[in-house]
Amino acid sequence: MPRTPPAIDPAQIEAAARLLRAGRLVAFPTETVYGLGANALDPAAVARIYAVKGRPATSPLIVHVASIEMAQSLVASWPDAADRLARRFWPGPLTLVLPTAQVGKPALASNHVGTAALGRPAEQSSAAVPAIVTAGLPTVGLRMPAHPIALALIRAAGVPLAAPSANRFTQLSPTTADHVRRGLGADVDLVLDGGPCQVGIESTVLSLAGPQPVLLRPGGISRTELESVVGPIANAQEVQAGAHPAPGMHPRHYSPRTRLLLVKDGRLPDQGKGIYLQHQHPPSREDIKTIQMPAAAPNYAATLYDTLHEADDANYDWIAVDAPPDTTEWEAIQDRLRRASAG
Ligand code: TXA
Ligand code: MG
């Protein structure tokens, strides 16, 4: 479904970049969800992200870059697997978790883009990512977003941007600028509007910090696509004790306020006023408002959060979701629906 790319207003990007350099927060569009951005190298600015979101300090943030070179400048090593994955899927909905640059290594003062152009190896141009960004972990999550406004913003700011989804902790991720404004209000200094997010669910988070790639969060790039490039991938649960528990993997996450039920075969509760998000199974009750969700996983993902935001605003007693198929192409959607229905 081709859409006109959102227009970039250079003056607005420059104004946003100025805010970021001054330690302020800017919400910006990505292809997955809207991000709440701050200069990743400014610990005080990053602290504001945690405060505005109400997010526990144990949950690390993703750092957004505009080039592979900028990513390399933030890590201690850039393994071959990272290179192959980045070249295949960046810009795009894939976050790579890698060992951070060691504190004490010569830090890159300000201009990552310029250093990249000199083609210096990562080891010589490492900037230490502040511990507040990584929640004190020795690793950092990096991604290059595939939205022209996000890329223009990072380039204009001249620094990598730490950005979680632009919603309060445990609430639904925003896929429009309006969701961000309604969720965060005046707590965000500027919201750049890039239209609805085309992928619609968060990036895949893959750790390359250990001997085998580990899937920490399924997302916009499927496991099958990743495995075609790097071979077998382990699940976070399979990784043995001793490893830091996958941070930020709180079971209740991505939730609407309204109770969300994941239902099989269209079986709806007898009581209450609800709404049904149908995929393949017609509802057991005819008196219930039913929304037909897209048949294909990518289209379903693109509309899921917006549909949940709308259903949530309509004050139903419950939102029932027709459980989609149990296949790998639905893995990320299944994950979000499971979390939204937990608790
Ligand atoms: O699509 C996305 O990834 C969006 C857009 C804005 O880029 N961002 C996003 O951020 O979803 P957030 O903060 O809502 O989720 C970050 C995820 C969490 O699951 C967190 O645990 C994981 O990334 N993560 C970040 N850094 C990590 C690290 N060093 N080790 C393990 N997991 C990490
Ligand atoms: Mg989030």
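1. **How H10 and H11 cross.** In this predicted model, the crossing of helices H10 and H11 is left-handed. H10 covers residues 297-313, and H11 covers residues 331-341. Their axes come within 10 Å and cross at roughly 30°. Angles under 35 degrees count as roughly parallel, so H10 and H11 are roughly parallel to each other.

2. **Which residues meet there.** On the H10 side, look for Ala297, Tyr300, Ala301, Leu304 and Tyr305. Their counterparts in H11 are Ile333, Arg336 and Leu337. By class, this contact has seven nonpolar residues, one charged residue and no polar ones.

3. **The four-stranded sheet.** Four strands form an open sheet, in the order E11-E14-E12-E13. The pairing is parallel. Strand E11 (259-263) and strand E13 (289-292) stand at the edges. Each has a single partner strand, so one side of each is left without a neighbour in the sheet. From one strand to the next, the twist averages 20°.

4. **A closer look at E11 and E14.** E14 spans residues 318-322. E11 and E14 pair in the parallel sense, over five bridges.

5. H11 lies across E11 and E14. H11 runs at about 130° to E11.

6. **The ten-stranded sheet.** There is also an open sheet of ten strands. Read its order as E7-E1-E2-E6-E3-E5-E4-E8-E9-E10. Its pairing is mixed. At the edges stand E7 (190-191) and E10 (234-235). Each of these has a single partner strand, so one side of each lacks a neighbour in the sheet.

7. **E3 and E5 within it.** E3 (residues 62-64) and E5 (residues 139-143) run parallel. Three bridges join them. For one of the partners, take His64: its bridge partner in E5 is Arg143.

8. **Aromatic pairs.** A search of the whole structure finds two aromatic pairs. One of them is Trp78 with Trp90. The ring centres are 6.1 Å apart and the planes stand at 50°, so this pair is tilted. Trp78 is in the loop between H3 (68-72) and H4 (80-89). Trp90 is in the loop between H4 and strand E4 (94-99). The two residues are twelve residues apart, and the pair links distant parts of the chain.

Methods: Residues are numbered from 1 along each chain as its sequence is written. Chains are lettered from A and ligands numbered from 1 in the order in which they are written. This is a predicted model: local features need pLDDT of at least 70, side-chain atom pairs count only at pLDDT 80 or more; totals for chains, interfaces and linings use all residues. Side-chain values use heavy atoms; hydrogens and water are left out. Axes are lines fitted to C-alpha atoms, for helices over the stretch in contact, and angles run from 0 to 180 degrees between N-to-C directions. Angles under 35 degrees count as roughly parallel, over 145 as roughly antiparallel, 65 to 115 as roughly perpendicular and the rest as oblique. A crossing is left-handed if the near helix is turned anticlockwise from the far one by less than a right angle, and right-handed if clockwise. Contact means heavy atoms within 4.5 Å. Ala, Val, Leu, Ile, Met, Phe, Trp, Tyr, Cys and Pro count as nonpolar, Asp, Glu, Lys and Arg as charged, and the others, Gly among them, as polar. Two strands pair if DSSP finds at least two bridges between them. Rings of Phe, Tyr and Trp (its six-membered ring) pair if their centres lie within 6.5 Å; planes under 30 degrees apart count as stacked, over 60 as edge-to-face and the rest as tilted.
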